[in-house]
Amino acid sequence: MAKQTDDIMLLKGHTFTENTFHHLSEMDLDRIYMDYNATTPLEPEVTQAVTEALQEAWGNPSSNYIAGAKAKAIINRSRENVARMVGGRAEDILFTSGGTEANNLVLHTAVEHFRRNRRAAEQSEGLPHIITSTVEHDSVQLVAEHLQREGKADVTFVPVCKTTARVEVEDIVAALRPNTCLISIMLANNETGVMMPVQEICQRIKSLNKQHERLRILLHTDAAQALGKVAVDVCELGVDYLTIVGHKFYAPRIGALYVSGPGTRTPLYPMLFGGGQERNFRPGTENTPMIAGLGKAAELVTANLSDYQRHMQSIKLYLEERLRAIFKERIHFNSHYPGSDILPNTCNVSILGPTLQGWRVLSNCRRLLASVGAACHSASGNRPSHILLSCGVPSEVAANALRLSVGRGTTREDVDAVVEDLKETVQLLEEMN
């Protein structure tokens, strides 16, 4: 599994230099990483693309001399690769610092578009109305709450169905108001792995947009957790905006936003003002090396998605099989919901027992590196995940949750070792009490 040469460490099929782990003492060579929904390592080809751009394309992309022209060419090629990954056009891709900026830009745009255009329909008086769900990433939920708190928008947080853990189309439609300007629903949940019915929502809303003389309802999905795991096609989904997050599919920590015809078919209003880069929608000198890495990672997804998906699904099913075999009736899967599609790599599981809270289990595991939920909620202490509670998981079960997310390099041997590690940890904790 993990082997050491003179200056290179290998962990679960991915190569890391010594510097990678210099400040990560817990990443011992026998550790097994199963937190790929939190972040992913760079693929070697991605590292190479970043390194080459750092060394050879250091020029300002807005400059006309060779170094600048080379940087601009890399950015253009990366834009094409990212667009191809999501089934869009290169001119519909805008590079951002990450998913948080992309999501903020969408909500900012929706409110600003309503403000500028509300006179277009008499029934759109009042505050702009945004519809989202109770299980969104913080970069959507907290922005919506901020807009509501500041009196800039009304927001409806639609709960997910406790049977399917999905937000249901009819519940979205029922929440519509004359002044609804945006619907933002994630494509896949980061904790349960549940796929949301974004395509069906878009179909219903587009039909309503055509029927009524009203301000158009804009449609957004945060696809952070879906990209690199399942096929994502913006045309099939029917969205106006789609958020892309590089570090979830073996790219650097950079992002992009798909906009269907930015500034023409679909409104987009900048939050930043500066030198005019990204067609003035997102100014600032482009981060060429990170964009190069994002483009290469997108290219790999386009070429290899079916293999990635098949491997992760097989490993996840084997993981669930081994957990059942060892823990039997004490195992509860928080990522199994009838009628719902689940990401191929995500297994959210609780081992039942009064002393087996997720944080306690993970802090005593010798080999497993995983989380109890979203990394962005790690500061919330040891409280049960509000996502799982929203999905109908009982509090005492949610408190014991472990989010195990496998990756492209995870093996059956890794699964065997992790399950054995969990078995020994559970025995230890129960003996201590």
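A crossing of two helices is called left-handed if the near helix is turned anticlockwise from the far one by less than a right angle, and right-handed if clockwise. With that in hand, welcome to this predicted model, in which local features need pLDDT of at least 70, side-chain atom pairs count only at pLDDT 80 or more, and totals for chains, interfaces and linings use all residues. Residues are numbered from 1 along each chain as its sequence is written, and side-chain values use heavy atoms, with hydrogens and water left out.

**Overall make-up**

- The protein has 12 helices and 14 strands, taken as DSSP runs numbered from the N terminus (helices: H or I, at least four residues; strands: E, at least two).
- Of its 433 residues, 57% count as buried, meaning under 20% relative accessible area with a 1.4 Å probe and protein chains only (exposed is over 50%, partly exposed in between).
- Among contacts (heavy atoms within 4.5 Å) between residues at least 6 apart in sequence, 72% join residues at least 24 apart.

- Helix α8 (residues 288–327) and helix α12 (residues 412–432) have axes that come within 10 Å and cross at roughly 30 degrees; axes are lines fitted to C-alpha atoms, for helices over the stretch in contact, and angles run from 0 to 180 degrees between N-to-C directions.
- That angle makes α8 roughly parallel to α12 (under 35 degrees; over 145 is roughly antiparallel, 65 to 115 roughly perpendicular, the rest oblique).
- The crossing of α8 and α12 is right-handed.
- On the α8 side, the residues in contact include Ser314, Tyr318, Arg322 and Phe327, which meet α12 residues including Arg412, Asp416, Leu422 and Val426.
- By class, the contact of α8 with α12 has 10 nonpolar, one polar and four charged residues, where Ala, Val, Leu, Ile, Met, Phe, Trp, Tyr, Cys and Pro count as nonpolar, Asp, Glu, Lys and Arg as charged, and the others, Gly among them, as polar.
- The axes of α2 and α8 come within 8 Å and cross at roughly 35 degrees, and this crossing is left-handed.
- Among the residues making the α2–α8 contact are Ala71, Ile75 and Met85 of α2 and Ile291, Gly295 and Glu299 of α8.
- The α2–α8 contact has 10 nonpolar, five polar and two charged residues.

**The seven-stranded sheet**

- Seven strands form an open sheet in the order β4-β10-β9-β8-β7-β5-β6, with mixed pairing; two strands pair if DSSP finds at least two bridges between them.
- β4 (93–96) and β6 (154–158) stand at the edges with a single partner strand each, so one side of each is left without a neighbour in the sheet.
- From one strand to the next, the twist averages 20 degrees.
- Strands β8 (residues 218–222) and β9 (residues 241–245) pair in the parallel sense over three bridges, with Asp222 opposite Thr243 in β9.
- Helix α2 (residues 66–86) lies across β4, β9 and β10 (255–259), running at about 110 degrees to β4.

- Strand β12 (residues 346–351) pairs with β14 in the antiparallel sense over five bridges, and Ser350 stands opposite Ala401.
- Ile32 lies in strand β3 (residues 32–33) and is buried, with a relative accessible area of 0%.
- Ile32 and Leu369 are 337 residues apart in sequence and 5.9 Å apart in space, C-alpha to C-alpha.
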